[in-house]
Amino acid sequence: MPSLRPEPKAALADGRIADNIVYFARALRKAGMRVGPASVKEAIEAVLAAGIGSRDDFYWTLHAVLVSRHEDHPVFDEAFRLFWKSRELIEKLLAMFSPIAPDDRNKQKPRAAENRVSQAMFEGHRKNQPAREVPVIEVDARLTFSGNEVLRGKDFAQMDAAEMAEAKRAIAALRLPFDVVSTRRFRADAQGRRIDPRAMMRSAARTGGELILPKFRSQREVHPPLVVLADISGSMSQYTRIFVHFLHALTEKRRRVHAFVFGTRLTNLTRQMRHRDPDEALAECSASVKDWSGGTRIGDTLAEFNRLWSRRVLGQGAVVLLITDGLERDDVTGLSQEMERLHKSCRRLIWLNPLLRFDGFEARARGVKAMLPYVDEFRAVHNLDALADLCASLDQRPAASVDPRRWQQAGGRRAA
């Protein structure tokens, strides 16, 4: 029986398809993807060899050549949707050249990487527009609202390429507090209050026992281990890239930081994060993780962590940062049990949820309701201010504003 699918049309080398692919690759490069001349040449050759069939075939032909990192998928997807869909492209161009025309289209939830791709694609048109005069407003220094403050409060999902690069530099400059815990081991301390008999005997042996001087010791204080469990499923894809940079910054500043990511499986990235160069660390992470932007199985991955890694990394008063939206697709019975076990194994369990950026968020999802009783803090993690508040609070008692009981007592809503 002959196939009903039409045969792909041959792409002509002297047509406009090659020029369009070059322009498309240029927009991807401006949006932050690593697309060089060799990749552009390979993309053109791939299209010429495969032909132009359906839209999906053309999409995946370019995707296979131009996308080399998992975190670049949202950028490519948004750029392809804008560049190769002429109707929406024309609407955006008309809206750009008619700034006073009202936008009557329904407001939709912003897509991942939409700002970065739009800025890269329409950069040339913005340069051709006449510069508008912006009045300079001088206010008191106490009320100054600088560009840096705007960036710190902006959602990671709505940042363009330049703002994302600035956010990465700000994350690298984050200061972690000097939080320490006392251990059962001791160290020599002249100001200590405990007699150190072993040190006294060793000192007396050097003089043949003629002189015995008192020696003192005190408990050794160390930084507690910091364990990060980050969700990299499809629902968290717009935050995955900045979270990986945050993990790298933590690893650089603290010795005992253990980084894990999970989607449908658990992956330990502690060794990959030890590379000093962030690009090299991200490349190693991309090669190690097999379930980027896929589904999520929070209960199963936490069970694997509790079974294989809990005893290894959760000693000496460890603090656990759980980064996920809590949207579990499987049965939540096992999730509650694993969250309870994780909570009892660490000194402090902090849940970082990007969905808290919405004022109308309610803890009504099954996964959220199953996890919330077993966390010590419930925080947002969608911008630089949220990350800075988290780092500053690691050596302090949790504030009332992040108490998870506020959500449980109000029936899923945030209590006043």
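Two strands pair if DSSP finds at least two bridges between them. Helices (H or I, at least four residues) and strands (E, at least two) are themselves DSSP runs, numbered from the N terminus. The model on display is predicted: local features need pLDDT of at least 70, side-chain atom pairs count only at pLDDT 80 or more, and totals for chains, interfaces and linings use all residues. Residues are numbered from 1 along each chain as its sequence is written, and side-chain values use heavy atoms, with hydrogens and water left out.

**First stop: strands 7 and 8**

Select residues 319-323, which form strand 7, and then strand 8; the two run parallel and are joined by five bridges. Ile323 has Leu352 of strand 8 as its bridge partner. Follow the chain from strand 7 through helix 15 (residues 333-345) to strand 8: this β-α-β crossover is right-handed. The term means that, with the strands pointing away from the viewer, the path from the first strand over the helix to the second runs clockwise.

Now colour strand 8 by face. In a regular strand the side chains alternate between the two faces of the sheet. Arg348, Ile350 and Leu352 lie on one side of strand 8, Leu349 and Trp351 on the other, and all are buried. Buried means under 20% relative accessible area, exposed over 50%, and partly exposed in between (1.4 Å probe, protein chains only).

**Second stop: strand 9**

Strand 8 is also joined to strand 9, by three bridges, and these two strands run parallel. Select Trp351 and its bridge partner in strand 9, Phe378. The chain passes from strand 8 through helix 16 to strand 9 in a right-handed β-α-β crossover.

Select Glu362, in the loop between strand 8 (348-352) and helix 16 (366-371). Glu362 is partly exposed because its relative accessible area is 28%. Its side chain makes a polar contact of 2.3 Å with that of Arg364. A polar contact is a pair of N or O atoms within 3.5 Å; within protein, one must be able to donate a hydrogen and the other to accept it, and residues adjacent in sequence count only if both atoms are side-chain atoms. Display Trp407 as well: the C-alpha atoms of Glu362 and Trp407 are 7.9 Å apart, although 45 residues separate them along the chain.

Asn383 counts as buried because its relative accessibility is 7%. The side chain of Asn383 reaches the backbone nitrogen of Asp385 at 3.4 Å.
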